[in-house]
Amino acid sequence: MAKAPVLTPRADDFPRWYQDLIAKAELADNGPVRGTMVIRPYGYGIWERMQQEMDARIKETGTQNAYFPLLIPQSYLAREAEHVEGFAPELAVVTHGGGKELEEPAVVRPTSEMIINDYFSKWIQSYRDLPLLINQWANVVRWELRPRLFLRTSEFLWQEGHTAHATYEEARDFAAHIHRVVYADFMLNVLAMDVVPGRKTVKERFAGAINTLTLEGMMGDGKALQMATSHELGQNFAKAFTTQYLSKEGRQELVWQTSWGSTTRMIGALVMMHGDDNGLRVPPRLAHIQAVVLAIKGDDAVLAKVREIGDRLKAAGVRVHVDDRTDVPFGRRAVDWELKGVPVRIEVGPRDLENGTAMLARRIPGGKEAVALDSLVGLLPTILEEDQALLLRQSRERRESRTTEVSKIGEAVEAAGAGGWARIPWAVLGEKGEAELAEHAASVRCLVAEDGSVPDSYDAPGNVAVVARAY
């Protein structure tokens, strides 16, 4: 009788496979309130690595971290009509506190443009105060009707950047810099994700923005996922909060602003883009555990050797974990690390010690081979970089092989419905065609120039719409 698979095969039921993997790889559990989640230590370790990598990139732009309150006076949201309209269906509102009804209800932070602008208007007096570059790592609440762990939850973790500049050009260029140097670089070089950078259509823009830049990734089932966005806010919020500065010429001028964010949704993307029927595959540059050293049996010499290997790898800069839990069957431990997607397993038993070797299992390409114990420290950095490159190559090959050039709206709908992406001239599609796509559960993920770069404007000649179904 065939042994039942640990995970539902992706080809049989992709959503079920996704839920199985998150549970069995111990990434997260559903929280007690519908739509919330508990991020387990292994999943949070991945998020911490994402934070570290992005935080360093954010700080290199001159941006500083700060923190703003979770509760926002409801009246603040009424100051920018388009913004409040965009978020109204998702708001959670606190009406009572300390056993009494509040004089003014407080909104649980869905995003922080409103409260941050209130303080920007106090902090900015002169051109000398600009640019003001602020980021915060926080949680937000957006009431979700159809929750799915990491992808759409009522509460999630993120970073949100907010900046104020003296001119439109400075704000525009800073939003593009974040999009390219912080987000795209991180996703390409750390997450090993082949993402498409582009410009959102008017319909898909962030509420209250004059332009939204996005990065779209193709998941294992061919659907798109919006990975991170960077917005030009123009002067919409500056007008609402009278955020202005005294220019060098002695005139009061409104600031120009940006906001930009990425979330724990990236963990869901990691699962869906790189995972396989055996579990997660974590890119080595991201992994908080790049290699696990397993003792096959509780032999004193074996235990001493795996600890020694762990120390040597750690000294060489490898993020390593020693699994010496020999009271747990070896097979179960091996399967658990396979599910968790640790890039390399080094398995050592009594026979390996006799031979001066260890069994090296590579999670990303698969396969095992015996390697000399003395060669491990020199071998691992090369292996990890090879496997990082392989994940990125597989991600790119999937997107390219499942993207179709089309010239008719019906062909775009068909491609999206078949689990792929379509590229169609925006001049052919237009806003009417975009509305037609919505009737078939498809959307314009972004607009790109003919050569695949980010177009200079929404209506630039030659713009191409990337069409897909999306999470």
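**Helices, strands and how they pack**

In helix H8, the buried residues are Arg265, Met266, Ile267, Gly268, Ala269, Leu270, Val271, Met272, Met273 and His274, where buried means under 20% relative accessible area, exposed means over 50% and partly exposed covers what lies in between (1.4 Å probe, protein chains only). That puts 10 of the 10 residues of H8 under cover. The model is a predicted one, so local features need pLDDT of at least 70 and side-chain atom pairs count only at pLDDT 80 or more, while totals for chains, interfaces and linings use all residues. Residues are numbered from 1 along each chain as its sequence is written, and side-chain values use heavy atoms, with hydrogens and water left out. Helices (H or I, at least four residues) and strands (E, at least two) are DSSP runs numbered from the N terminus.

H8 spans residues 265-274, and its axis comes within 10 Å of that of helix H2 (residues 41-60), the two crossing at roughly 110 degrees. Axes here are lines fitted to C-alpha atoms, for helices over the stretch in contact, and angles run from 0 to 180 degrees between N-to-C directions. H2 is therefore roughly perpendicular to H8; angles under 35 degrees count as roughly parallel, over 145 as roughly antiparallel, 65 to 115 as roughly perpendicular and the rest as oblique. The crossing of H2 and H8 is right-handed, a label used when the near helix is turned clockwise from the far one by less than a right angle, with anticlockwise giving left-handed. On the H2 side, Gly43, Ile46, Trp47, Met50 and Met54 make the contact, and on the H8 side Met266, Ile267 and Leu270 do; contact means heavy atoms within 4.5 Å. Sorted by class, this contact has 7 nonpolar residues, 1 polar and no charged ones. Ala, Val, Leu, Ile, Met, Phe, Trp, Tyr, Cys and Pro count as nonpolar, Asp, Glu, Lys and Arg as charged, and the others, Gly among them, as polar.

Helices H13 (residues 409-417) and H14 (residues 426-438) make another pair, packed at about 45 degrees with axes 11 Å apart. H13 and H14 are therefore oblique to each other, and their crossing is right-handed. Ile409, Ala412 and Val413 of H13 meet Val428, Leu429, Gly433, Glu436 and Leu437 of H14. By class, the H13-H14 contact has 6 nonpolar, 1 polar and 1 charged residues.

On to the strands. Strand E14 (residues 256-263) has 7 of its 8 residues buried. E14 pairs with strand E8 (residues 155-165) in the antiparallel sense over 8 bridges; two strands pair if DSSP finds at least two bridges between them. Within that pairing, Trp158 has Thr263 as its bridge partner. Strand E11 (residues 224-234) also pairs with E14 in the antiparallel sense, over 6 bridges, and Gly234 stands opposite Gln257.

Strand E23 (residues 464-468) is covered too, with 5 of its 5 residues buried. In a regular strand the side chains alternate between the two faces of the sheet. In E23, Val464, Val466 and Ala468 point one way, Ala465 and Val467 point the other way, and all are buried. Strand E21 (residues 421-425) is antiparallel to E23 over 4 bridges, with Pro425 partnering Val464. Strand E22 (residues 443-448) also runs antiparallel to E23, joined by 5 bridges, and here Leu447 stands opposite Ala465.

Elsewhere, 5 strands form an open sheet of mixed pairing in the order E16-E15-E17-E18-E19. E16 (320-323) and E19 stand at the edges with a single partner strand each, so one side of each has no neighbour in the sheet. The twist averages 25 degrees from one strand to the next. Strand E15 (residues 291-295) pairs with E16 in the parallel sense over 4 bridges, and Val292 stands opposite His321. Helix H9 (residues 300-315) lies across E15, E16 and strand E17 (344-348), running at about 170 degrees to E15. Helix H12 (residues 376-401) packs on the sheet as well, touching E15, E17, E18 and E19, and its direction makes about 10 degrees with that of E18.

Gly366 sits in the loop between E18 (357-362) and E19 (368-372). Gly366 counts as partly exposed because its relative accessibility is 39%. Its C-alpha atom is separated by 61 Å from that of Ser247, 119 residues apart along the chain.
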